[in-house]
Amino acid sequence: MSANKSSKRLAFLPLAIFAVLCVFLLKGLFSNPNERESALINKPVPEFSLPDLYNESQIHNKQTLIGKPVILNVWGTWCTTCKYELPYLTKLRNEYGVKIVGVYYDQNHAPAFGEFADVKEIRVDVRNMLGQLGNPYEYNILDLDRTLSLNLGISGAPESFVVDASGVIRFHHMGDINERIWRDKIAPIWNEVSQ
Amino acid sequence: MIPELGNFALFIAFAFSLLLSIFPLIGLRTNNLKLMQLAPNLTVGLFSFTLFSFACLVYSFLTDDFTVLNVAENSNSLLPIQYKFAASFGSHEGSFLLWLVMQSGWAFAVVLKSKSLPPEMRTRVLMVIGWICVGFYAYIITASNPFDRTLPYFPVDGRDLNPLLQDVGMIIHPPLLYMGYVGLSISFAFAIAALLSGKLDSTWAKWSRPWTAAAWAFLTLGITIGSWWAYSELGWGGWWFWDPVENASFMPWLVATALLHSLAVSEKRNAFKSWTVFLAIAGFSLSLLGTFLVRSGVIVSVHAFATDPSRGVFILILLALVIGGSLTLYALRSGAIKSVGKFSTFSRETMLWANNVLLVAATIIVLLGTLLPLVHKEIGLGSISIGAPFFNQMFTYLTVPFALLLGIAPFVRWKQDKLNKFLTMPAVVGVISILLSVVWLKLEFGEVKFYAALGATLGLWVTLFTALEYRKTASKLGVSKVPLSHYAMALGHIGIAFVIAGAGLTSQYTQEKDVKLWPGDSAELMGYTYQFNAIKDVNGSNYNGWAADISVYKGNYLEAELLAEKRYYPVQRNTMTEAAIDDGFTRDLYVSLGELLPDDSWAIRIYVKPYVRWLWLGGILVALGGFLTLFDRRYRGVKLAKQAGANV
């Protein structure tokens, strides 16, 4: 009789173990294992010192970037989606006075592959494209060796960061910014940091 | 238009699954045969509409419809057509739809093959599948719809499929693995149906066996191909990384292997019945858990998938309902199961019991190793990682008794056997195995390494015993009378022998070397000369890059011409190493191209991997064994119908 009872209790053991497991899985769901997003959000913009796209002798750094809320936009002329978002970004600059700084990411520059970017050619391409589609940028930082992009944890282009006046990253968006994205995701944060 | 049709079909399929989960239940309660007989028809509807929906998704991918979010994010107009097809299940949403196609497809197969089952049992099995389907279809429709549009702002081109997935492995590996995962739901449904009916005699084990064997064979093949793919595509040269995603597929396999053997005992000897039911529940539960781990992003893995907690919560709720519900049912009902078959301490039953204990121990090790880092972190002890050394060591310990018993077990009789019969033969076979493997390794490699010799000895042990057992059976029954299922068992066991020997040899004798070569140079490894002839440009439709042309000589004999590539995929801005491999029965020659160094030389990694093919050869043999059982006479129609009828 008692043997039967204990085997009955044993039958509940898998259920109990599974219940405990579920608790951990639920907790695990809400703590990002990569901590990638949280590592960026509410952290200061990484330090950098990089030349202007048009003028190599002009150096931009974190101090020249901050002071006013800014959207840091990683892009390149090679990137189709970037082309698509340029007109809307330009509209943001012209109509709402949003300060947008470009981080120019050149995909062809791959020293390990024996390929080096031709900065003069990039400048021509950039001028052509911005001339056609609109220029949303106050200035462009040339991140040829991708040090800034790497520190920002870029995984593709376009990606944008909302940085507040004190230099803290408040929002990270992967993909293009369009009217819907701006309205639903970015505008609330932008309005908050602009006040 | 087509995506909307697909979406609509998915909703209809969901409606079918709802009906399938309700009407048969009412039919069973009210003993209304008409309602019960709706189940097969509903299942056919479920399958048809799901298949149609998937066809619509494939169509959207093949026609580059970038207004569909899923297509825009996972395909590109330049992607080769076979990968456009594969991309349709490369994303989270698409892979879930594939899962549903298979889930309903297995249910459809049950409809076709279960006409001989008693109507109540058939209805119950299909109803349980219906319950599972309701959850999954609700999930895909609400949280993971593959037909979501990008309108009105659709992109001109897609973001391309991850280059890692652009391989023939991607076309075959996920469907096979899913066939295995989902197939285990059929064993699960049979077990739950048996629990619900309270009729846990040996017949349900008989019905469940071919389904379990089929699912298990698919799972075996899926895992084998996954391992081969990782080896050939990832460029790391390994074949098993104990990555959480690999573990997620390995756990259901271990449990399904145990289930397959335990079902045999339940069917033939009417023993282990409660345990077998538990394994059937555990097998599918681990499939679901594995999917959750992979797709929710709870655990970090090289198989990076997008993370989205809201989806994770949905899957976790599903998991809690399916696994929690079935385990509760098990806890409440299993007490009533009586195993009547008696057996003594030395018998086939105890051998298979030991098989189950070892396989379950292995499952627990993998489960702990996979989940402990998560638990550790969540209780605030910080991040830890449990890596390959832990698993390798544990599995080495487990493999030795497992292989030793595997050799002997088929010789031992059911019910009772004499231990002293088993003293001389194992001693002789053991000595022969050790001697043969030592001579083999000494002659081939010049030195005998312990773990390699262990693997070779165990492999030979299993092979010799399997051959002896076959001889015994053949002489008893006559060669023509040996049942197909017996060949299946032999094939499965020899496959395991190949895997064990291959793992031991390749892990001990593989040599790798990082060399720095200018075109025209050569390097030596294990008697092979790797001659770096030239570097070439390569251009594919959606990539470009470099290829190193390398000839491998053994003495003056040209063994292989290899082209190791480094590809650059502009859309995803990804660099991929395409290793070049010359495969052979006893060795693989492997070259992977590294970076161009500042002095115009190239970093190149070369390997010689003895017997690495045996791992996959073994896996394929095991899977073939599984498929072979399906053709055994016992499982083909008429005879089963009579037996089943007689039992009811």
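User: Is B:F96 buried or exposed in this structure, and how is its relative accessible area to be read?

Analyst: The model is a predicted one. A relative accessible area under 20% is the cut-off for a buried residue. B:F96 has a value of 2% and is therefore buried. B:F136 falls in this class as well, because its relative accessible area is 5%.

User: How many aromatic pairs are there over all chains?

Analyst: The count over all chains is 46 aromatic pairs. One of these is formed by B:F85 and B:F89, with 5.8 Å from centre to centre and 90 degrees between the planes, an edge-to-face arrangement. The two partners may also be described by their accessibility. B:F85, at 32% relative accessibility, is partly exposed, whereas B:F89 is buried at 3%.

User: Why is the pair of B:F96 and B:F136 called tilted?

Analyst: The angle between the planes decides the class: under 30 degrees is stacked, over 60 is edge-to-face, and the rest are tilted. For B:F96 and B:F136 the planes stand at 55 degrees, with the ring centres 5.9 Å apart, so this pair is tilted. The two residues are 40 apart and the pair links distant parts of the chain, with B:F96 in helix α6 (residues 92–113) and B:F136 in helix α7 (residues 119–143) of chain B.

User: Which residues form one aromatic cluster in chain B?

Analyst: The members are B:W216, B:W240, B:W242, B:F250, B:W253, B:F390, B:F391 and B:F395.

User: Where does the charged end of A:R127 sit?

Analyst: The charged end of A:R127 lies over the ring of A:Y54, at 4.4 Å from the ring centre. In chain B, the ring of B:Y590 has the charged end of B:K609 over it, 6.0 Å from its centre.

User: What is B:W204 in contact with, beyond its neighbours within four places in sequence?

Analyst: With those neighbours set aside, the contacts of B:W204 are B:M121, B:F190, B:A191, B:A194, B:L263, B:T276 and B:V277.

User: How does helix α15 of chain B compare with its expected span?

Analyst: Helix α15 (residues 424–445) of chain B has 22 residues and reaches 32 Å from first to last C-alpha, close to the expected 32 Å. Its buried residues are B:P426, B:V429, B:G430, B:S433, B:S437, B:L441 and B:F445. Viewed down the axis, they fall within an arc of 105 degrees, so they line one face of α15(B). The face turned away from the buried side carries the exposed residues B:T424, B:L435 and B:L443. The cover over the buried residues of α15(B) includes α16 (450–477), α17 (484–509) and β9 (602–610) of chain B.

User: What does the secondary structure of chain A come to?

Analyst: Chain A has eight helices and seven strands, and 49% of its 195 residues count as buried. Among its contacts with a separation of 6 or more, 73% come from residues 24 or more positions apart.

User: Where is A:D106 found, and is it buried or exposed?

Analyst: A:D106 is in the loop between β4 (100–104) and α6 (119–133) of chain A. A:D106 is buried, at 6% relative accessibility. Not counting residues up to four places away in sequence, A:D106 touches A:W78, A:A117, A:I122, A:L144 and A:R146.

Note on methods: Residues are numbered from 1 along each chain as its sequence is written. Chains are lettered from A and ligands numbered from 1 in the order in which they are written. This is a predicted model: local features need pLDDT of at least 70, side-chain atom pairs count only at pLDDT 80 or more; totals for chains, interfaces and linings use all residues. Side-chain values use heavy atoms; hydrogens and water are left out. Helices (H or I, at least four residues) and strands (E, at least two) are DSSP runs, numbered from the N terminus. The expected span of a helix is 1.5 Å times one less than its number of residues. Buried means under 20% relative accessible area, exposed over 50%, partly exposed in between (1.4 Å probe, protein chains only). The arc is that of the directions from the helix axis to the C-beta atoms. Contact means heavy atoms within 4.5 Å. Rings of Phe, Tyr and Trp (its six-membered ring) pair if their centres lie within 6.5 Å; planes under 30 degrees apart count as stacked, over 60 as edge-to-face and the rest as tilted. A charge sits over a ring if NZ of Lys or CZ of Arg is within 6 Å of the ring centre and within 35 degrees of the ring normal.
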